[in-house]
Amino acid sequence: MEEFGGEWPAESPNSASEVEPSKTEFDAPPRLEGEITLSLGDLSDWKYHCAVMSKQSDAADAALVSAAVDPEFLPPIEVIEGGNGKYAVKDGHRRVRALRTVHHNKMDTLIRCIVYTGTEEQAVRDMCDDAVGTAMRTKIQSAIAVRNLHRITGLTQVAITEQYPALKKDQVSLMIKAAGVFEEYPVVFNLLRRPDRVSIDTCVRIHDRMKDAGDEEVGAFIAKAEDLAAEGASFTTTELLEAFGIDGPAKKAGGLKADPFEPADRTEVFGDDDQVVGSLDMHSDNVTRLRLPDPNAMTIEEREVAAKAFIKQIYAYFELDAD
């Protein structure tokens, strides 16, 4: 670990030799007070990060992988200091994945970092604040954040709904169940093409199947998942449930195809006043779209609240600091 001092080098001496850094007219993100450098090998996954089980997203992370060629051009990673010389990644999970992709054979590559000054419990609270009621996390990632808040801080489900008015008690209960089974059986959910996009309903269906299962049935369930993984199986949600003989949601009458303009999944976007201002829609064509409100029916103050909420989502998606 090195405390920052003096000028940052024009080119990182630890860039991957097999990748030529691209030239850019942009400056590196400004250095922050207290910024330090850590080697890539010093960074470990934080077990309470809500996206720790997410698969690498090829298209979405292509730009990050390109930028990771020279770590100087990535904003600092926020880390939690551990007692074993390692630092857990609190904020910057996707950036670290991109850095590992590019510099996997150079773990001494120096990375810009900021050490989080709060406790791990406070970090869990921060994670939940950033996940609940925002479009920056998927439904299952928000559920993982809620479950971690419940088990680490001891907050009851009722207390969680009081802290996050957008959530109802039954909803919190389902989120906790879904996150629990998602984390307990990764071999099952990794059979999905995008496990981080799995619905709460699907996870609860698997939870309900497994909660009363005996050891023999659970073992057979896991063994089947391992065999399917070895065969290279890659499922949609419906195919996954069918593979394990679990009933899925009832199909619509007539077997009509889904309207491409009707989202398959929707995450509401909340303003500073905890009012819904729009949504982030995931469509059947795997395209994500922002649904904006009609400004003609809004006051100037309402427009400002909505604009700030959507700007926050956009900055969060690109892992930038909106402040």
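1. A polar contact is taken here as a pair of N or O atoms within 3.5 Å, where, within protein, one must be able to donate a hydrogen and the other to accept it, and residues adjacent in sequence count only if both atoms are side-chain atoms. In this sense, the side chain of Ser-142 reaches the backbone oxygen of Ala-131 at 3.0 Å.

2. The model is predicted, with local features needing pLDDT of at least 70 and side-chain atom pairs counting only at pLDDT 80 or more, while totals for chains, interfaces and linings use all residues. Residues are numbered from 1 along each chain as its sequence is written, and side-chain values use heavy atoms, with hydrogens and water left out.

3. Ser-142 lies in helix H4, residues 139–153 (helices are DSSP runs of H or I with at least four residues, numbered from the N terminus). Ser-142 counts as buried because its relative accessibility is 9%, the cut-off being under 20% relative accessible area with a 1.4 Å probe and protein chains only.

4. Leaving aside residues up to four places away in sequence, Ser-142 touches Ala-131, Val-132, Arg-137 and Met-175, a contact being heavy atoms within 4.5 Å.

How values were computed:
Helix = DSSP H or I, 4+ residues; strand = E, 2+ residues; numbered from the N terminus. Buried < 20%, exposed > 50% of the residue type's maximum accessible area, 1.4 Å probe, protein only.
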